[in-house]
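This report describes selected features of a predicted model. The sequence and structure are shown first, and the description follows.

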Amino acid sequence: MFSSIEDVIERFAKNNYIASRRIATVIYLAASLKKPVLVEGPAGVGKTDLAKVLSTSLGLEMIRLQCYEGLDEGKALYEWEYAKQLLYTQILKDKISEVLTGAKGLKEAVDRIAKEDEVFFSERFVLPRPLLKAISSEKQCVLLIDEIDKSDSEFEAFLLELLSDFQISVPELGTLKAKHIPLVILTSNNAREMSDALKRRCLHLYIDFPSREQELEIVKLKVPDAAKKLADEVVTVVQSLRKLDLKKTPGISETLDWVKALTLLNVESLDQELVNETLDTIVKYEGDVRKAQEELKDYVRRVRARRGGTETTGSSDKDLLN
Amino acid sequence: MQEKLVEFAKLLRENGVRVSLAETLDAFSASEITGLSERDSFRAALRATMIKRSSELPVFEELFDVYFSGLGEIIKQASKAVQDALSMSDQEFQKFLDRIEEMLKKEGKNLSELAKQLLQNNSGAMEKKLREAARAARLKGIERTIEENYFARALARELGLDKIEAEIKELREQLEKMDLGTEMKARMEEYLERRLKALEDIIRRYVRMEREKRDIRQREDQKMNQIAEKSFYYLSEDELKKMQEAVQKLALRLKNVISVRRKHSKKGRFDIKKTLRKNMDCGGVPFKLRFEERKKEKPQVVILCDVSDSVRNASRFMLQFVYSLQDLYSRVRSFIFVSEIGEVTEHFRTGDIKDALDVALKGDIINVYAHSNFGYAFRSFVSDHIGAINKRTTVIVLGDARNNYNLPHDWCLREIHQRAKRVIWLNPESRNTWGFGDSEMDKYQLHCDMVEECRNLNQLYRVVDRLVVR
């Protein structure tokens, strides 16, 4: 476990994740109070990564449950392996008839079979899904429930029950209590509002887009061979793009992708033509691309103006962003 | 501390953040873990336990700053001011305080507790005494700026400021007789004087801070209540903007509620095909059952919106609201009219809603400066667009039915009513004016399934709630 909030920050940094004091505090509280954390925020800010980093920095296994509409108990918790049961029944036909020899009448036959109930409804034939795996895990683990806003409210209700007691009743197997309460992280893109009950059960963490300095730090950490000037300019442009009214605002992962792409193409600063071609690493919709191009044009103009216009503008300006 | 947290939770609730008891208890445990010394961690702990919606974050930040930096900060700042006035570094100041303490030990046997704490710069104890005095003076009851003086005096009285003044004066006289260097004496004298002033200052600022807290509490709440109740006609520019945000928020919340309601529709018949397919891995034995999904029909809506001057604001919000709910309907077609009628559906589908509204209400599509003529509008609708209405359509008419004494042509509305699933009329005028003057409401009413007054945001909410559920 973590010894302090600073410990969290340090360990995360060692795993290449820059956690603000706020994030580290919430993680520390979650670990100490054994409460789940609901992480909300726009796409691409590092919510899923947070869970991954948490598991690596504590050396725990991460069990992931990806939510979607229509996700039900069967897929999330456990299922009986009917096929296996049938198969075994077929193979053991002879053995079964042995058990039944000498049974007088149907009732006794059924009774004898019923005595062997536990054979076929045992843990052997249970197909554990992520939630059951997390509960019955021998060591403590990190349970990531990704995109819970995509699931429906029935699933939420069921999850709530699980998160309150960390125990499951399987009718045939009895109640399975968690040996170690897992560290639960739920992520949500805010496509819909979670139920109040679930929110109350969790600690809430809202991760927003980073500030300019934070983003620069992240870029330096994750793409160390990027030219400093390039990183600087990319971050500036993306920060200003976020202020625009885009259909999908670019997140940190988009920034990193762009920097990696440009570095790969040996681009040193944003003044070059390749920029236009790589623009779709950060902006994915037609309308957004147009808006981004406008913004880039503005940006280049401002940079040129700052440089004092010693270079002859004219043709290169036109070529760059048609 | 726990008391403070409970109070803070109450403050949050008064500002529209629903903090439950369980969450407050969580905040207790969390703050115990983070401790109070690291302000950022403490803040993060409270934020994580008490705020569960991202839209509530700004409110939390504002209230936290006001509530938790309060008195302690004020006292600290006052001390710093004194230290600066004496132009001492931190170390010098500390040494100086030590000497004061020595001096007090020798001479200050008769000083009151608060005076000693004041002179020894014991902020923690001072804060405690101030809070007690504030409680006794009922500082929480402060409401307005003009009450500040009254409460300042009350607080001073509870603290026994007069007595402290007298004691410090006495101490200064004793200072003369003491055996210290002239410079030290001068410094001590200055210190005594300044500390006394600082205390008065602290009292005043404390009172002001409490008043500001009260202000914030009431400010936001009142504003929204007022706006929701205010008739669409009377909104100022600022309020219009706020109103737009409110309408958007309302639409979003309604959308969530409706989607949940929809999901709970009954299951359909047993679906053999699906069941067999699902159970292939079990040899066809139907372990898992599958049912047909009952398709819940999304309603179709046609809006006929009067955009004449008299109802301009109301129609703006109505259009905006219905369009925010677009995904709940399979089709929305909108028409605006004053006298002529024109379709604006495409503008809403493709563009930004604000632009669409502007285009619709500006006069590019129809002549918005004509005089209202409902009869003519309905007639044009029936002759040109009656195909838009079928038995699944809900027709919403938004207008004040003031026809300028033109022919009402209510037979057109009857036509529409016969074809549509239902007709709803929303009238931004108060109900008691319906039918008076040139209002043809009484005639049109006969052909509507539902007629409602729709003058402000609250009424709009109630109406649309009923509208969408079916």
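Which exposed residues does the face of H10(B) turned away from its buried side carry? In this predicted model, that face carries B:Asp162, B:Glu173 and B:Glu176. On the buried side of H10(B) are B:Ile164, B:Glu167 and B:Leu171. Viewed along the axis of H10(B), the buried residues fall within an arc of 60°, and therefore line one face of the helix. In an α-helix there are 3.6 residues a turn, so residues three or four places apart point the same way. Helix H10 of chain B comprises 17 residues, 161-177; at 1.5 Å a residue these should span 24 Å, which agrees with the 25 Å between its end C-alpha atoms.

Chain B also contains an open sheet of six strands with mixed pairing, in the order E3-E2-E1-E4-E5-E6. The edges are formed by strand E3 (341-343) and strand E6 (450-453) of chain B; each has a single partner strand, so one side of each lacks a neighbour in the sheet. From one strand to the next, the twist averages 20°. Strand E1 (residues 300-306) and strand E2 (residues 331-337) of chain B run parallel and are joined by seven bridges. Within this pairing, B:Val302 stands opposite B:Arg333 in E2(B).

Between the chains, 25 residues of chain B are in contact with 22 residues of chain A. The following helices of chain B each supply at least two residues of the side that touches chain A.

| Helix of chain B | Residues |
|---|---|
| H2 | 21-34 |
| H3 | 39-50 |
| H12 | 237-263 |

By class, this side of chain B has eleven nonpolar, nine polar and five charged residues.

Notes
Residues are numbered from 1 along each chain as its sequence is written. Chains are lettered from A and ligands numbered from 1 in the order in which they are written. This is a predicted model: local features need pLDDT of at least 70, side-chain atom pairs count only at pLDDT 80 or more; totals for chains, interfaces and linings use all residues. Two residues are in contact if their C-beta atoms, placed from the backbone, lie within 7 Å. Helices (H or I, at least four residues) and strands (E, at least two) are DSSP runs, numbered from the N terminus. Ala, Val, Leu, Ile, Met, Phe, Trp, Tyr, Cys and Pro count as nonpolar, Asp, Glu, Lys and Arg as charged, and the others, Gly among them, as polar. Two strands pair if DSSP finds at least two bridges between them. Axes are lines fitted to C-alpha atoms, for helices over the stretch in contact, and angles run from 0 to 180 degrees between N-to-C directions. The expected span of a helix is 1.5 Å times one less than its number of residues. A residue is buried if 20 or more other C-beta atoms lie within 10 Å of its own, exposed if 12 or fewer, and partly exposed in between; C-beta atoms are placed from the backbone. The arc is that of the directions from the helix axis to the C-beta atoms.
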